[in-house]
Amino acid sequence: MRFKTLDDLGDITGKVVLVRVDLNLPMQDCAVTDLTRVHASAPTILELADKGAKVLLLAHFGRPKGERVSTQSLSMVVGAVQGVLGREVMFVPEIAGPVVAQSIGILRAGDIAILENTRFWKGEEKNDPELAKAIAANADLYVNDAFSAAHRAHATTEGLAHVLPAYAGRSMEAELKALEAALGNPARPVAAVVGGAKVSSKLDVLKHLVTQVDHLIIGGGMANTFLAARGIDVGKSLCEHDLAATAEEIMDAADASGCTVHLPYEVVVSKEFAANPPSLRVCNVHEVAADEMILDVGASAVEALADVLKTCRTLVWNGPMGAFETVPFDAATVALAKTAAALTREGSLVSVAGGGDTVSALNHAGVAGDFTYISTAGGAFLEWMEGRELPGVKALEG
Ligand code: ADP
Ligand code: MG
């Protein structure tokens, strides 16, 4: 992977730099509820401002589908961004044209502005080269710091890289380096942990991983589909019986490429899905009753999985091992996450994890800070796990 970073910028004093960031912030009653995405891009924004650039932030917000929707104006996040950056931030209600040009005239070197929601313009999602050119006309350079939007070929995530000198921001750079270390050119053996609710949402992930990793650990609801495919009665468990043949194909593909698939042999079951249910018990996978559900991996099976991780140098993780939002079905996820965290701290494992629920599960386990890298990129992270080329990343390499 070859792309330019902020280290390759020359003197940018007074230069106008467009920075694509992720400001699609969760909001409740017009207030921003989580600032993670702003914190992620703050180093890039501040570095450019401190080097004397006029920094123009580009981002989308919600799905306004090419129309101006006042409740989806990026003006609503200006206060939150100012708070994180500790700097004044101007708001510009356009992304191209004379209003942007006038605003740039007012900005001094080192000033920061947020342009309007890019999805107010139809050309954004169509990746219209005319829109990219119009946006670029006011600027000198383009920095992409939004890995989370890099799986989309839109005008401000992909198109701009073709019309301006393009650079990866610090957050993009860190994400790409971590992903490269985990699956691009990893230290072996490599383990993948894949869990979560359904096989159907992660078929392409599983198909790709079996060709890349040495150990595939399958947990969560999706393990039930694999167990059922092997003729095990999973009772009332969440299970996609219609995917039995697909599950078998995945296991055959794993065999063919020397990847060992690990399924739980011991499980935590219950008749009802509730916290600490009275019917909770731990059993062998062959002993699940017709009216029981598998909700987590059993403790001794988790220990066996931990032993697998101890033999590995690299781990990539997506999806919790059980229904971790409800106690005690968080136990397997927490235990395995703690093992991965300890191995990473010791320096014997490179650990990369991603996925919405996975990130909350690792936070819940209190180990998110110990992983080598945690991706908050959701869709882009999964597409990368599917082995796909992300258009926003490819454009930076071009
Ligand atoms: P991510 O968002 O990290 O990609 P997913 O959305 O695929 O993860 O999966 C997370 C969900 O899977 C969680 O809500 C969790 O409760 C559910 N889950 C995990 N194991 C089971 C299980 N055995 N039965 C039912 N649901 C499960
Ligand atoms: Mg999810």
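Lys51 is partly exposed, at a relative accessible area of 34%. This value, like those that follow, comes from a predicted model. Lys51 sits in a loop, between helix H1 (36-50) and strand S4 (54-58). Leaving aside residues up to four places away in sequence, Lys51 touches Leu6, Ile12 and Thr13. Lys51 also lies 8.6 Å from Ala109, C-alpha to C-alpha, although 58 residues separate the two in sequence.

The axes of H1 and H2 come within 10 Å and cross at roughly 65°. The crossing is right-handed. On the H1 side, the contact is made by Val38, His39, Ala42, Ile45 and Leu46. H2 contributes Val81, Val84 and Leu85. By class, the residues of this contact comprise 7 nonpolar and 1 polar, with no charged residue.

Helix H11 (residues 299-310) and helix H12 (residues 331-346) have axes that come within 10 Å and cross at roughly 20°. H11 is therefore roughly parallel to H12, as angles under 35 degrees count as such. The crossing of H11 and H12 is right-handed. From H11, the residues in contact are Val302, Leu305, Ala306, Leu309 and Lys310. They meet Ala332, Ala335, Leu336, Thr339, Ala340 and Leu343 of H12. The contact of H11 with H12 holds 9 nonpolar residues, 1 polar and 1 charged.

Helix H6 (residues 155-163) was considered for burial. Of its 9 residues, 7 are buried, so H6 is largely enclosed by the rest of the structure. The buried residues are Ala155, Thr156, Thr157, Glu158, Gly159, Leu160 and Ala161.

A search of the whole structure finds 0 disulfides. Cys283 is in no disulfide, and its nearest cysteine sulfur, that of Cys239, is 15 Å away. A disulfide would need the two sulfur atoms within 2.5 Å. Cys283 counts as buried, because its relative accessibility is 4% and the limit for burial is under 20%. Cys30, by contrast, is exposed, with a relative accessible area of 63%.

Technical notes:
Residues numbered from 1 in each chain as written. Chains lettered and ligands numbered in written order. Predicted model: local features only at pLDDT ≥ 70, side-chain atom pairs only at ≥ 80, totals over all residues. Heavy atoms only, no water. Buried < 20%, exposed > 50% of the residue type's maximum accessible area, 1.4 Å probe, protein only. Helix = DSSP H or I, 4+ residues; strand = E, 2+ residues; numbered from the N terminus. Axes fitted to C-alpha atoms, helices over the stretch in contact; angles between N-to-C directions. Parallel < 35°, antiparallel > 145°, perpendicular 65-115°, else oblique. Left-handed = near helix turned anticlockwise from the far one by under 90°. Contact = heavy atoms within 4.5 Å. Nonpolar A, V, L, I, M, F, W, Y, C, P; charged D, E, K, R; others polar.
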